[in-house]
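Here is a short tour of how two protein chains meet, written for someone new to reading structures. Keep the 3D view open as you go.

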Protein chains: 2
Amino acid sequence: MCKTSSTEEKIKAAAKRVFITKGFSACTSREIAKEAGMNVALVNYYFRSKNQLFLIIYQTVMHDFMLSMMEVFSTELSLKEKVSLLIDREYEFLTKHPEIPTFVLNEMARNKDSGIQIHETLNNFAQTGVFNEAANAQKSGEMRQVDMVSLTMLIMANCQHPFMARLLTQQLHGMTDEEYNMQIIKHKEIIKEMILNYLFPIKVSNE
Amino acid sequence: MCKTSSTEEKIKAAAKRVFITKGFSACTSREIAKEAGMNVALVNYYFRSKNQLFLIIYQTVMHDFMLSMMEVFSTELSLKEKVSLLIDREYEFLTKHPEIPTFVLNEMARNKDSGIQIHETLNNFAQTGVFNEAANAQKSGEMRQVDMVSLTMLIMANCQHPFMARLLTQQLHGMTDEEYNMQIIKHKEIIKEMILNYLFPIKVSNE
DNA sequence: AATGATTTTAAACACTTGTTTAAAACAAAT
DNA sequence: ATTTGTTTTAAACAAGTGTTTAAAATCATT
């Protein structure tokens, strides 16, 4: 009875790879089985169906995707430091898992009317305390008057999009993989400075 | 012989809708035929195969997607005005066609190793003259030292991502469709100010 | 070594897929 | 009205899909 967890984990790992890279609709049960080095029937023996297996993978990926964000929000840093750290963490995560944002957004779209329910992680988001913190920072004048929705949109957009649009941007500028890797590192400092300068404007004279 | 163009256009319109909303892998030939209100065989009578039909749709969509960007770059405005106008145009386009960026990026990813060749529009991008213009603006000190790759990344990310991540962001903040529509309008002014302030810093004292 | 449960496989099932065929419906021209 | 060519359809095809079945292989326990 020791083979159980081993093969079960092997299937999950294989399914995660296949689902994330090709998406639910563009891959087959047999493809997942082959990736895991076994029979199709065995996959269904452990997980009943392709859809059931997918739901499990989807939830863990969704969890990973949201976790780094949430963690930073729960730290004791100042709001400015939090934003800076959040960009670092996002970049760190996306460097390791560049296909996850696309995967999450695609599968959310595929099941928008029925099926998958949103992971609870999403609902816990509003209770991290940053929202009050940001409201106070805005009242005190420390931070610019930007609502939390736009704040999260700014950070998500500037962090995620460069990873999501890699192929397009590379083609657009005729860059190699290695060149784009360098670019994306350089780009992090740019968006960090841009966002922080915008949210926490420097009021010293310069001219 | 007058029915030809009519049905052909009907098929193309239906295919465009279906391909864009569900993606190539997640839709079937019969689904496209049904959307066009006709038989499956008729679709293949005009376009030979699902793949052939897709390639035609893909190219027109890709063309539309790139066109608004290119047009702005060819105007006679100042660089700062160009960036501002570009954001407006992008927003205008994305409001009308919010699913296109996701569609383009997904289908590029699906055919990254073989199959679809990149539309020529992408290759013409480097010859719009903005690149030299930006280089000069940077030398003169008018514009911050940001390479063209990061410049395009900034604009694309902040314009496209809010439309691509609509579902996620809405769920994250518990917003209705109408609320998000308002948010996205407000957000345009935010990113415009943020990007312009960053690229063309104001050097007047404030304290 | 034999038993019984668990794990794995090969084969089959019903169904959907993209595509093709051959016949029907239609239009235009004689 | 008949002929000719074009457009549309219903039906079929082979291949691939998710899923199930029943038998084989493996394991732990006696």
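In this predicted model, twelve residue pairs are in polar contact across the interface of chain A and chain B, with both partners at pLDDT 80 or more. On the chain A side, the residues that touch chain B divide into 31 nonpolar, 16 polar and seven charged.

**Helices at the contact**
- Five helices of chain A each supply at least two residues of the side that touches chain B: α4 (50–73), α6 (100–110), α9 (148–164), α10 (166–173) and α11 (177–199).
- The largest share of that side comes from α9(A), with 13 residues.

**Salt bridges**
- Four salt bridges are found across the interface of chain A and chain B.
- In a salt bridge you can look up yourself, the side chains of B:Glu193 and A:Arg144 meet at 3.0 Å, N to O.

**Extent of the interface**
- Chain A brings 54 residues to the contact, and chain B brings 55 residues.
- About 4800 Å² is buried between chain A and chain B, and carbon and sulfur atoms give 72% of this area.
- A:His161, A:Leu168 and A:Leu172 supply 14% of the area that chain A buries against chain B, more than any other three residues.

**The nonpolar core**
- The largest nonpolar core has 136 residues, and those touching the most other members are A:Phe19, A:Leu53, A:Leu199, B:Phe19, B:Leu53 and B:Leu199.
- Leaving aside residues up to four places away in sequence, B:Leu199 touches B:Val83, B:Glu142, B:Met143, B:Arg144, B:Val146 and B:Leu151.

Key
Residues are numbered from 1 along each chain as its sequence is written. Chains are lettered from A and ligands numbered from 1 in the order in which they are written. This is a predicted model: local features need pLDDT of at least 70, side-chain atom pairs count only at pLDDT 80 or more; totals for chains, interfaces and linings use all residues. Side-chain values use heavy atoms; hydrogens and water are left out. A nonpolar core is a set of buried Ala, Val, Leu, Ile, Met, Phe, Trp, Tyr and Cys residues joined through side-chain atoms within 4.5 Å. Buried means under 20% relative accessible area, exposed over 50%, partly exposed in between (1.4 Å probe, protein chains only). Contact means heavy atoms within 4.5 Å. Buried area is the accessible area (1.4 Å probe) that two parts lose on being put together, summed over both. A polar contact is a pair of N or O atoms within 3.5 Å; within protein, one must be able to donate a hydrogen and the other to accept it, and residues adjacent in sequence count only if both atoms are side-chain atoms. Helices (H or I, at least four residues) and strands (E, at least two) are DSSP runs, numbered from the N terminus. Ala, Val, Leu, Ile, Met, Phe, Trp, Tyr, Cys and Pro count as nonpolar, Asp, Glu, Lys and Arg as charged, and the others, Gly among them, as polar.
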